[in-house]
Amino acid sequence: MSTLSWLTERPIAHRGLHDMNNVRWENTLPAFQAAIDGGFSIECDLHLSSDGVPMVFHDHALRRLTGQEGTIAEKTAAEMGAMPIGGTSDCAPTLREMLDLVAGQVPLVIELKGSEGHDDALVGIVVETLQDYSGKVVLMSFSHRLVRQLAKFAPDIPRGLTAEGLSPEAMEAHFSMLAHDLSFVSYAVKELPNPFVSFVRERLSLPVITWTVQDQEAVDRTFRHADQMTFEGFTP
(Lines give C-alpha, C1' and ligand atoms only; values in the text may rest on other atoms or scores of the structure.)
Protein backbone atom coordinates (compact mmCIF):
# COMPACT_ATOMS: atom_id res chain seq x y z
CA MET A 1 0.00 0.00 0.00
CA SER A 2 1.24 3.46 -0.86
CA THR A 3 2.59 5.63 1.91
CA LEU A 4 0.23 8.36 0.69
CA SER A 5 2.84 11.04 1.31
CA TRP A 6 0.70 13.47 -0.71
CA LEU A 7 -2.14 13.10 1.80
CA THR A 8 -0.12 14.83 4.51
CA GLU A 9 1.79 17.37 2.41
CA ARG A 10 -0.78 20.17 2.74
CA PRO A 11 -3.63 21.11 5.11
CA ILE A 12 -7.06 19.77 4.20
CA ALA A 13 -9.94 22.25 3.94
CA HIS A 14 -12.97 20.80 5.77
CA ARG A 15 -15.90 20.77 3.33
CA GLY A 16 -13.87 23.12 1.17
CA LEU A 17 -12.54 26.53 2.16
CA HIS A 18 -15.87 27.94 3.33
CA ASP A 19 -16.29 30.96 5.61
CA MET A 20 -18.32 29.17 8.31
CA ASN A 21 -21.41 29.50 6.12
CA ASN A 22 -21.61 33.27 6.07
CA VAL A 23 -21.22 33.87 2.33
CA ARG A 24 -19.27 30.88 1.03
CA TRP A 25 -21.02 27.75 2.24
CA GLU A 26 -19.63 24.32 3.00
CA ASN A 27 -19.48 21.65 0.30
CA THR A 28 -20.27 24.09 -2.52
CA LEU A 29 -18.32 24.76 -5.69
CA PRO A 30 -17.22 28.24 -4.50
CA ALA A 31 -15.77 26.66 -1.33
CA PHE A 32 -13.92 24.12 -3.44
CA GLN A 33 -12.62 26.80 -5.79
CA ALA A 34 -11.35 28.80 -2.81
CA ALA A 35 -9.48 25.72 -1.56
CA ILE A 36 -7.96 25.21 -5.00
CA ASP A 37 -6.91 28.86 -5.12
CA GLY A 38 -5.31 28.49 -1.68
CA GLY A 39 -3.52 25.28 -2.59
CA PHE A 40 -5.31 23.20 0.03
CA SER A 41 -6.54 19.64 -0.23
CA ILE A 42 -10.33 19.30 -0.09
CA GLU A 43 -12.40 17.20 2.29
CA CYS A 44 -16.02 16.67 1.31
CA ASP A 45 -19.01 14.43 2.01
CA LEU A 46 -21.22 12.23 -0.16
CA HIS A 47 -24.80 10.98 0.04
CA LEU A 48 -26.89 9.31 -2.66
CA SER A 49 -29.91 11.13 -4.05
CA SER A 50 -33.15 9.23 -4.46
CA ASP A 51 -32.24 8.51 -8.08
CA GLY A 52 -28.80 7.17 -7.22
CA VAL A 53 -26.54 10.16 -7.91
CA PRO A 54 -23.67 10.88 -5.48
CA MET A 55 -24.30 14.37 -4.08
CA VAL A 56 -21.76 16.49 -2.19
CA PHE A 57 -23.69 17.25 0.99
CA HIS A 58 -22.94 16.61 4.65
CA ASP A 59 -26.23 16.15 6.47
CA HIS A 60 -28.84 13.47 5.94
CA ALA A 61 -31.54 16.04 6.71
CA LEU A 62 -31.99 19.09 4.50
CA ARG A 63 -33.03 21.74 7.04
CA ARG A 64 -29.68 23.12 8.28
CA LEU A 65 -28.30 23.83 4.83
CA THR A 66 -31.40 24.47 2.73
CA GLY A 67 -34.17 25.40 5.17
CA GLN A 68 -36.30 22.67 3.59
CA GLU A 69 -37.90 19.67 5.27
CA GLY A 70 -37.08 16.09 4.38
CA THR A 71 -33.88 14.20 3.64
CA ILE A 72 -31.45 14.00 0.77
CA ALA A 73 -32.45 10.37 0.22
CA GLU A 74 -35.94 11.61 -0.69
CA LYS A 75 -34.77 14.09 -3.33
CA THR A 76 -33.56 13.54 -6.88
CA ALA A 77 -30.28 15.00 -8.06
CA ALA A 78 -32.23 17.56 -10.10
CA GLU A 79 -34.25 18.58 -7.04
CA MET A 80 -31.06 18.97 -5.01
CA GLY A 81 -29.51 20.96 -7.83
CA ALA A 82 -32.40 23.42 -7.70
CA MET A 83 -32.40 23.84 -3.92
CA PRO A 84 -30.34 26.87 -2.83
CA ILE A 85 -27.97 26.43 0.09
CA GLY A 86 -28.05 29.06 2.82
CA GLY A 87 -29.99 31.57 0.75
CA THR A 88 -27.17 31.78 -1.79
CA SER A 89 -27.35 30.96 -5.49
CA ASP A 90 -25.28 27.82 -4.86
CA CYS A 91 -26.74 24.34 -4.67
CA ALA A 92 -25.34 20.94 -3.72
CA PRO A 93 -23.07 19.76 -6.54
CA THR A 94 -22.95 16.21 -7.80
CA LEU A 95 -19.73 14.29 -7.35
CA ARG A 96 -19.18 14.58 -11.10
CA GLU A 97 -19.55 18.36 -11.00
CA MET A 98 -17.03 18.60 -8.18
CA LEU A 99 -14.57 16.34 -10.00
CA ASP A 100 -14.90 18.43 -13.14
CA LEU A 101 -14.10 21.58 -11.14
CA VAL A 102 -11.16 20.18 -9.18
CA ALA A 103 -9.72 18.25 -12.13
CA GLY A 104 -6.69 17.03 -10.20
CA GLN A 105 -5.54 20.49 -9.13
CA VAL A 106 -5.50 19.49 -5.45
CA PRO A 107 -6.04 16.17 -3.65
CA LEU A 108 -9.51 15.05 -2.57
CA VAL A 109 -10.42 13.40 0.74
CA ILE A 110 -13.94 12.10 0.22
CA GLU A 111 -16.06 10.88 3.12
CA LEU A 112 -18.90 8.50 2.33
CA LYS A 113 -21.71 9.50 4.67
CA GLY A 114 -24.63 7.44 3.51
CA SER A 115 -27.52 6.35 5.68
CA GLU A 116 -28.43 2.77 6.39
CA GLY A 117 -31.20 1.58 4.14
CA HIS A 118 -30.39 4.19 1.50
CA ASP A 119 -26.75 3.59 0.65
CA ASP A 120 -26.45 0.01 -0.58
CA ALA A 121 -25.31 1.27 -3.98
CA LEU A 122 -23.19 4.19 -2.73
CA VAL A 123 -19.77 2.56 -2.88
CA GLY A 124 -20.32 1.05 -6.32
CA ILE A 125 -21.62 4.26 -7.86
CA VAL A 126 -18.84 6.38 -6.34
CA VAL A 127 -16.17 3.95 -7.54
CA GLU A 128 -17.69 3.95 -11.04
CA THR A 129 -17.76 7.77 -11.06
CA LEU A 130 -14.10 7.90 -10.07
CA GLN A 131 -12.94 5.43 -12.73
CA ASP A 132 -11.88 8.11 -15.20
CA TYR A 133 -10.64 10.61 -12.61
CA SER A 134 -6.87 10.98 -12.74
CA GLY A 135 -6.40 13.26 -9.72
CA LYS A 136 -5.28 12.21 -6.26
CA VAL A 137 -8.21 10.92 -4.19
CA VAL A 138 -8.89 8.85 -1.08
CA LEU A 139 -12.18 7.54 0.28
CA MET A 140 -13.12 7.20 3.95
CA SER A 141 -16.11 6.64 6.20
CA PHE A 142 -17.24 6.38 9.80
CA SER A 143 -19.36 3.43 8.67
CA HIS A 144 -17.48 0.17 9.14
CA ARG A 145 -19.93 -1.41 6.71
CA LEU A 146 -18.98 1.06 3.97
CA VAL A 147 -15.24 0.72 4.68
CA ARG A 148 -15.57 -3.05 4.31
CA GLN A 149 -17.33 -2.51 0.99
CA LEU A 150 -14.49 -0.24 -0.14
CA ALA A 151 -12.00 -2.98 0.66
CA LYS A 152 -14.03 -5.41 -1.44
CA PHE A 153 -15.10 -3.28 -4.39
CA ALA A 154 -12.39 -0.61 -4.61
CA PRO A 155 -9.13 -2.28 -3.55
CA ASP A 156 -7.05 0.11 -5.65
CA ILE A 157 -8.45 3.32 -4.11
CA PRO A 158 -6.78 4.26 -0.80
CA ARG A 159 -9.33 3.95 1.98
CA GLY A 160 -9.49 5.32 5.47
CA LEU A 161 -11.44 4.99 8.69
CA THR A 162 -12.98 8.18 10.04
CA ALA A 163 -13.09 7.67 13.78
CA GLU A 164 -13.72 9.05 17.24
CA GLY A 165 -14.12 7.74 20.77
CA LEU A 166 -11.84 6.76 23.64
CA SER A 167 -13.79 3.98 25.34
CA PRO A 168 -12.48 0.41 25.36
CA GLU A 169 -15.38 -0.51 23.09
CA ALA A 170 -14.45 2.19 20.58
CA MET A 171 -10.79 1.15 20.61
CA GLU A 172 -11.74 -2.49 20.04
CA ALA A 173 -14.01 -1.57 17.13
CA HIS A 174 -11.33 0.59 15.52
CA PHE A 175 -8.62 -2.07 15.89
CA SER A 176 -10.97 -4.60 14.27
CA MET A 177 -11.02 -2.49 11.11
CA LEU A 178 -7.28 -2.92 10.61
CA ALA A 179 -8.15 -6.32 9.13
CA HIS A 180 -9.48 -4.47 6.08
CA ASP A 181 -6.14 -3.07 4.95
CA LEU A 182 -6.67 0.58 5.80
CA SER A 183 -4.49 3.14 4.06
CA PHE A 184 -4.92 5.93 6.63
CA VAL A 185 -7.01 7.09 9.58
CA SER A 186 -8.86 10.36 10.21
CA TYR A 187 -9.40 10.90 13.95
CA ALA A 188 -11.15 13.48 16.13
CA VAL A 189 -8.42 15.90 17.18
CA LYS A 190 -9.83 16.40 20.69
CA GLU A 191 -9.33 12.68 21.37
CA LEU A 192 -5.61 12.54 20.70
CA PRO A 193 -3.43 10.91 21.78
CA ASN A 194 -4.90 7.42 22.05
CA PRO A 195 -3.68 3.83 21.69
CA PHE A 196 -5.26 3.24 18.28
CA VAL A 197 -3.72 6.28 16.62
CA SER A 198 -0.35 5.56 18.20
CA PHE A 199 -0.44 1.97 16.91
CA VAL A 200 -1.48 3.04 13.41
CA ARG A 201 1.34 5.57 13.15
CA GLU A 202 4.14 3.85 15.03
CA ARG A 203 3.59 0.16 14.29
CA LEU A 204 1.90 0.30 10.89
CA SER A 205 3.50 3.53 9.61
CA LEU A 206 0.17 4.73 8.22
CA PRO A 207 -0.68 8.43 8.03
CA VAL A 208 -3.18 9.94 10.45
CA ILE A 209 -5.09 13.13 9.71
CA THR A 210 -7.28 14.95 12.23
CA TRP A 211 -10.74 16.52 12.22
CA THR A 212 -11.86 19.20 12.75
CA VAL A 213 -9.15 21.72 13.65
CA GLN A 214 -10.48 25.18 14.49
CA ASP A 215 -7.88 26.79 16.76
CA GLN A 216 -4.15 26.86 17.54
CA GLU A 217 -4.44 24.33 20.36
CA ALA A 218 -5.89 21.82 17.92
CA VAL A 219 -3.18 22.64 15.36
CA ASP A 220 -0.51 21.95 17.99
CA ARG A 221 -2.24 18.76 19.13
CA THR A 222 -2.43 17.54 15.54
CA PHE A 223 1.27 17.91 14.90
CA ARG A 224 2.22 16.34 18.23
CA HIS A 225 0.18 13.22 17.62
CA ALA A 226 -0.76 13.03 13.91
CA ASP A 227 0.49 14.00 10.46
CA GLN A 228 -1.89 16.60 9.00
CA MET A 229 -5.04 18.50 9.87
CA THR A 230 -8.49 18.92 8.42
CA PHE A 231 -9.28 22.53 9.29
CA GLU A 232 -12.04 25.12 9.13
CA GLY A 233 -12.71 28.65 10.35
CA PHE A 234 -9.24 30.00 9.59
CA THR A 235 -6.62 29.93 6.86
CA PRO A 236 -3.38 28.15 7.79
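Colleague: Which residue in β2 is the bridge partner of Ala13?

Modeller: The bridge partner of Ala13 in β2 is Ile42. Strand β1 (residues 12-14) and β2 run parallel and are joined by 3 bridges; two strands pair if DSSP finds at least two bridges between them. Helices (H or I, at least four residues) and strands (E, at least two) are DSSP runs, numbered from the N terminus.

Colleague: Before I go on, what kind of model is this?

Modeller: This is a predicted model, where local features need pLDDT of at least 70 and side-chain atom pairs count only at pLDDT 80 or more, while totals for chains, interfaces and linings use all residues. Residues are numbered from 1 along each chain as its sequence is written, and side-chain values use heavy atoms, with hydrogens and water left out.

Colleague: Fine. How many helices and strands does the protein chain have?

Modeller: The protein chain has 9 helices and 9 strands. Its C-alpha atoms fill a box of roughly 50 × 35 × 35 Å along the principal axes.

Colleague: How much of the chain counts as buried?

Modeller: Of the 236 residues, 54% count as buried. Buried means under 20% relative accessible area, exposed over 50%, and partly exposed in between (1.4 Å probe, protein chains only).

Colleague: Back to β2, then. Where do its side chains point?

Modeller: Ser41, Glu43, Asp45 and His47 point one way from β2, Ile42, Cys44, Leu46 and Leu48 point the other way, and all are buried. So for strand β2 (residues 41-48), that's 8 of 8 residues buried.

Colleague: Why would they alternate like that?

Modeller: In a regular strand the side chains alternate between the two faces of the sheet.

Colleague: What about β4, is that enclosed or open?

Modeller: β4 is largely enclosed by the rest of the structure, because 5 of its 5 residues are buried. Leu108, Ile110 and Leu112 point one way from β4, and Val109 and Glu111 point the other way.

Colleague: Which residue in β4 does Asp45 stand opposite?

Modeller: Asp45 stands opposite Glu111 in β4. The pairing between β2 and β4 is parallel, with 5 bridges. On β5 (residues 137-141), Glu111 stands opposite Met140, and β4 and β5 pair in the parallel sense over 4 bridges.

Colleague: Switching to helices. What covers the buried residues of α1?

Modeller: The cover includes β1, β2, β3 (54-56) and α4 (95-102). The buried residues of α1 (residues 29-38) are Ala31, Phe32, Ala34, Ala35 and Ile36. Just after α1, Gly39 takes a positive phi of about 75 degrees.

Colleague: You mentioned β3. What does Val56 touch?

Modeller: Val56, which is found in strand β3, is buried, with a relative accessible area of 0%. Not counting residues up to four places away in sequence, Val56 touches several residues, including Asn27, Phe32, Cys44, Leu95 and Met98. A contact here means heavy atoms within 4.5 Å.

Colleague: Then where do cis peptide bonds turn up?

Modeller: One joins Leu192 and Pro193, with omega about -5 degrees. Pro193 is in the loop between β7 (184-188) and α8 (195-202). Another cis bond joins Trp211 and Thr212, with omega about -25 degrees, and Thr212 is in strand β8 (residues 208-213).
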